[in-house]
Amino acid sequence: MNIIDVVEKESMKGKVPQFKVGDLVDVHVKIIEGDKERIQIFNGMVIKRKGSGVRETFTVRRIVQGEGVERVFPVHSPNVADVVVKKNYKTRRAKLYYLRDRKGKGARLKEIRSRENKTSDVKVNEPAPANAEKQEEKPSTES
């Protein structure tokens with residue numbers, strides 16, 4: 001094994017968050033100010049994933065006061081504490097650069113809803129079993 005591969009394996013995270021291009025995510029970033037450390041959340045849509053191994057990065061885009069802001073985060077960086085997926089959107093491309101030119105409703109994507117959300121939201125009123133009603137209606141012939 002190459003020396004570079006050994007060094008790269010040591011700096012990789014054991015548990016990599018699962019997300020893909022088109023997901024709406026919250027990226028928890030560690031910010032160091034003097035001797036204090038805090039976590040700041042950057043939320044937006046993942047428009048690009050690039051690279052592999054320890055060099056893998058992803059780009060998150062959001063709109064702040066009508067202006068588009070993009071940040072590139074290394075997946076295996078110790079400063080990226082967590083990536084939380086809020087929503088999944090359907091995409092047919094690996095890079096969503098076309099969203100940079102679109103505004104308002106034109107920048108929307110179709111949301112993917114999982115089966116778990118659909119079944120848990122709907123409350124079903126189950127009728128009583130038909131056999132139970134029939135048994136009560138029949139007169140007993142035990143005399």
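Trainee: Which residues do ring pairs link into a cluster?

Mentor: Ring pairs join Phe19, Phe42, Phe58 and Phe73 into a cluster. Before we go on, this is a predicted model, where local features need pLDDT of at least 70, side-chain atom pairs count only at pLDDT 80 or more, and totals for chains, interfaces and linings use all residues. Residues are numbered from 1 along each chain as its sequence is written, and side-chain values use heavy atoms, with hydrogens and water left out.

Trainee: Why is the pair of phenylalanine 19 and phenylalanine 58 called edge-to-face?

Mentor: Rings of Phe, Tyr and Trp (its six-membered ring) pair if their centres lie within 6.5 Å; planes under 30 degrees apart count as stacked, over 60 as edge-to-face and the rest as tilted. The count by this rule is three aromatic pairs. For phenylalanine 19 and phenylalanine 58, the centres are 4.7 Å apart and the planes make an angle of 65°, so the pair is edge-to-face.

Trainee: What makes phenylalanine 58 buried or exposed?

Mentor: Buried means under 20% relative accessible area, exposed over 50%, partly exposed in between (1.4 Å probe, protein chains only). Phenylalanine 58 has 1% relative accessibility, so it counts as buried. Phenylalanine 19 is buried too, because its relative accessibility is 7%.

Trainee: How do you know that arginine 49 lies over the face of phenylalanine 19?

Mentor: A charge sits over a ring if NZ of Lys or CZ of Arg is within 6 Å of the ring centre and within 35 degrees of the ring normal. Arginine 49 is placed over the face of phenylalanine 19, at 4.3 Å from the ring centre. Arginine 71 lies over the face of phenylalanine 42, with 5.5 Å to the ring centre.
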